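Please read these notes with the structure open beside you. They take up a few local features one at a time.

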Amino acid sequence: MPGTNLIVPVVLWGKHAPTHCVSSVYLSRDQKTLVTGCYDGQICIWQVNPDTLKMTPRCLLVGHTAPVTCLSRASIIQDNNFIVSSSEAGEMCTWDLVDGKCRESVKLSQIHTNIQAYHMCNSEDLRLFCNGYYAEILIMDPFSLEILFCLSSKMNPDWISALHVLRPSSRKDDVVLAISITGTVKVWSLLGHENKQSEPIYENESKQIRCLNALSLNCCAHNQRTVLVVCAKYCQIYDAGDFSVLCSMQAPSGERWMSGDFLAPDRVLVWSTEGKGYLYKLPANKLRGRAISSSVPDHKGFHGPTVDHDSPVLFSILAHPDNKLLSCPPAMRFILTSVGGKQRRLLLRGDSAGVVSLWNVDDAAVPVPTSVPSHAPIVMTSLDMAWAEMNPSPVGILDQFGHPEDPEIKLTASIYILAANRLVVGRSDGSIVIVNATHTVQLQLLHGAHQQLDDWPPHQLLLGHNGRVNCLLYPHHVHQRYDKSHLVSGGIDFAVCLWDLFSGALLHRFCVHAGEITQLIVPPHNCSTRIQKCICSVASDHSVTLLSLSERKCVTLASRHLFPVVTIKWRPADDFMVVGCSDGTVHVWQMETGHLDRVLHGMIAEEVLAACDETLADDLGGSMSAGSGDLQGLANPAVHFFRGLRHRNLTAMRAATARGLAALQAPERGGGAGPLAEPARPRRAPLTVQGFRSNPADPESHILFFDIEGLIVELLSEEYSAMSPASLEAAGLITSEYMKVAALTQSASPDATKRISDFFGRVKDKAGDMERILKEKDKHDFLGRVKDKAGDVERKIKEKDKHGILAKMKEGAETMQTKLQAKAEQLKGHIEQKDDTTPTKRQRPRDMSLAEPPHTMEIAQILMSLLHAWGLDADLDRVCESKLGLLRPMVPVCFGVVSRHGHMAVQLPTWLGGWAEACASIPDDPMLLNSNLPQELVRQEKLTRLFTSKLHWELSTTLTTNHLLSIVALANTLMSMSNASFVPEQEVARRLHRPTTRGSSSWAGDEEREEQLAAQQAHIKQGWSLLATLHCVLLPDKVVAAGAKNFKRPQVEMLARRWQHHCLEVRDASQALLLAELGRLGPKGRKALVDNWAQYLPLYTHTESINPQAAPKEPVEKVTKAQEEEFEEEEEEIIRKPSSLAELKRKQTTAVVLLGVIGAEFGQDIASEGAAGNKRRKEGDSRKSSIVEGKSV
């Protein structure tokens, strides 16, 4: 199922707010959520107080790769918090505003410039009317993002520059009014039953007017006879009847109009590129319509002769008092809302500095005689302002290097090396810092003894660049062929530096570019042997080089590109490097010789780039066997065949056919690795540290991605690798010596297997012959007597050895040698590490992993410490700190959610500002007051305690579900690991101790130590068990008892989807959590859940497929009132109809699991409810049936 990976992102933002140059704005109807899109592709969600309109940045949505041009609501229901976003790259996403999940994402060839959400007649929910850089108007579904139908033009088809959808007061159909860039006004009438299959829908009427490149078109809601059309230099009021100009308003000098809207039948608001709003009163005698004659007293005639006072009058301006110049036009929007039954009109603006401003238009809508007043915004805020209000400022990953009096050195590039647990960070002064990743994260986020240490964790400093470090690369991480010690960096000083990661020595400095280095790439593994030792670097002078790390020289310099390099593709079989530039040209270079083979333009250039992608797909899919080297690196034969067909090239067709046949036969030779064969899956990293910046000019923030499944696998692997063969056999992980030999001798080749079995057969025969010969020679049965005697002695010793000490000694002798060898290697590593610190003698350890103990436990310790609900159970907290070794968080943590298609939502640290009042109401801790901490640190500590106990579980249902699953799965894993603990002394003792190893001669002392260790481990096991129980069963009641007003419960749907998860620990955790949540819902909640999900069950009796329209017939608003309020909120998404076939199938699978579990666990409960509905039972019977919990699964 999609999204089964359980990943917990944690963000360290640092002292600087991300750049947010606003490109589009949206305010929800309930005025609780503001959304701003920016030119860098991120979307920021702000929490708004509807009364004061104070805005607090809450989270950042990451997924778009281009400026966000349009934001629109997705549902007519006010509480349905979904929006649709569209970018300049044609990407469209539907986002859940509560937890930031991307629920649907598509990439279209059409690019929208405007989206209007409109509730059509005969449709249950909104439809999106989109126009942009294409000749049609697209009508889309906001949840599935499918194009439902489109409106085409018969007369003068051209790009539509603006549109407006309305329903005339006297008619039942919808009217789409649009204007093309060449000034043709078009009108379509929609009856509501249009779909994809219908004939092309052409305009009903059209008229050419003198209005080129219109920016917006709006009909007056109060008087549908008047239309406002805004162009850059002027905006005009038209009569909707014959589209004649009634009056016009010129843009102020030095400004250009952007858009506008009607405030009243005779008043308009128009805004300009300088971010100012202008309010005009229209001449009454120029307007027409029933609304005008009734509301405007001095209305005379219509289309009368023009006189001086017939022009619109400017009566008010909305502007910033400082009148600061903007680097690009702001995004502005007129919003009509109501608060407590009273209408409120607002003008919203987001500018290039990231400042969001709100004007109350009602204040300015009343004309003041003899003056034109300028009104300032009522609310102003920005990410920078919100960051500045934070004291202390948000933590960064290397804050230990910053001193208040020194100028700050910004972090500009970073990579994480998992094998050594090292974080490598390039900085703006040219230095590169290498530090232990888990230790630096512990220092920033968690309390503990490490906070008292100076200069901890120890770090390494590489100095070699003059100026900012732009990019870093650890080639060995990408492919094993590179040296483990090589680190490559590129800087603003035009240089690429090669470093020894262990000694910190600068091995070589490549100076071949004439611009700053922007990118470092590893070539594919199937290039020629010389190129395999190279890395590829790209610079701002548009040059690309291949630098050989082994030869220490430049192999190829490709520097004839006239425009910036945007993409690099590879054709290893042809020895080609294909470079795509920003102007659309493609340069094909020979890698070995550095010769420019050809320069391509237009369609051919696109085809060549696409062919390189096909090659990559072939390599990844494993459709070619490893032996067929001549077939590798070439595109799909079918593509070549059709290409040959198109160009009438018989030779190409023959070659493609031959290759296709060879490819079909290849899998049989390769042992069944066909196109559908699953590629060998590499082991997932338990932790990834990713540098993150919203704009190239920003310093880097860092996101820690904890992969729960990867972490569980690593923990268990370490546990099993430390166990002796006897322990593994006792645990049932291996069965016998024979199985081990069979596993060791198992070969991929059937011939090899046959040869090995023949060899074992011959050895067995030889042994049999030998035994027979000895028996024949031993006539007096001397060997038999010796054998019996040895057996008697062994039996006697065994009788005396009640405690099995000899058996343990025997096994101890076997493992002691291994242990001594490991200890010797470790000591050797430590000695070499000490030598490494001295400047005179620099030697590096043979292997990075020997330099320090495994770091998987540290990763688990950080994650468990951050996720644990501290403050709910004081006794358990003490156990967690003393026995389990968890550390209390120092700061409230910014979590994230990874959703489909790699989109992500990350929380901003500023959202905690909204909890200041709740924090102030908490009773003070005497220990905190007595400590000599600054006031802001005391406040932060109080906020952290409030966060871990309560606020953490009030964020969103998705976060609650993911975090509870993670902590329960990890607690169960650690419980199964011979009771691992994070307390350093206990962990060392656990690693050194083997249950079957005896190192000392005093057996009695050893027994005592054994018992002591067993008791200690029983405590640890009990601690993990209590931790799992708290989060699995007790958490909701405890959080509510702690004073949480809106605890976000775990999502039943998400838990049901992981009921059969491939990772056993995650599966067990989700099953336990689901059963606990179903039990907590009670009979009423379970009944409502069954009613909601029953409609998605597959209809096995029918052969036809279920269409999405066959889902609930009633409108979305009609939700059963019997549900509890909180349950209704949680399951709101389920009630809505599935928007696509994929979603319907997903719902069907979930429904089968969910209803099956409810039936098995609580079946009697629901059956009795149904029976009670049909026939009233006795009170005692019904009470008894409600107590019965049913049989277990």
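Predicted model: local features only at pLDDT ≥ 70, side-chain atom pairs only at ≥ 80, totals over all residues.

1. How much space lies in the largest cavity? The figure is about 120 Å³. The lining consists of 15 residues, and those closest to the centre of the cavity are Y26, S28, I77, Q78 and N80. Over the whole structure, the search finds 6 cavities of 30 Å³ or more.

2. Next come the helix pairs. Two packed helices are described by the angle between their axes and the distance between the axes. For helix α10 (residues 708-722) and helix α21 (residues 957-976), the angle is about 5° and the axes are 10 Å apart. Angles under 35 degrees count as roughly parallel, so α10 is roughly parallel to α21.

3. Which residues of α10 and α21 meet? From α10 they are I708, L711, I712, L715 and L716. From α21 they are S966, A969, L970, T973, L974 and S976. Sorted by class, this contact has 8 nonpolar and 3 polar residues, with no charged residues.

4. A second pair is formed by helix α4 (residues 437-445) and helix α16 (residues 856-867). Their axes come within 10 Å and cross at roughly 20°. The helices α4 and α16 are therefore roughly parallel to each other. The crossing in which α4 passes α16 is left-handed.

5. On the α4 side, the contact with α16 is made by T438, H439, V441, Q442 and L445. On the α16 side, E858, I859, Q861, I862 and L866 take part. The residues of this contact of α4 with α16 divide into 5 nonpolar, 4 polar and 1 charged.

6. Two points concern the backbone in loops. Where is the cis peptide bond that involves P392? This bond joins N391 and P392, and its omega is about 0°. P392 belongs to the loop that runs between α3 (383-389) and β31 (411-417).

Notes: Residues numbered from 1 in each chain as written. Heavy atoms only, no water. Axes fitted to C-alpha atoms, helices over the stretch in contact; angles between N-to-C directions. Helix = DSSP H or I, 4+ residues; strand = E, 2+ residues; numbered from the N terminus. Parallel < 35°, antiparallel > 145°, perpendicular 65-115°, else oblique. Left-handed = near helix turned anticlockwise from the far one by under 90°. Contact = heavy atoms within 4.5 Å. Nonpolar A, V, L, I, M, F, W, Y, C, P; charged D, E, K, R; others polar. 1 Å grid on protein atoms, 1.4 Å probe; cavity = no way out; pocket = protein on both sides within 12 Å on 5 of 7 lines; lining within 4 Å. Points joined across faces, edges and corners; volume = space filled by probe spheres on them.
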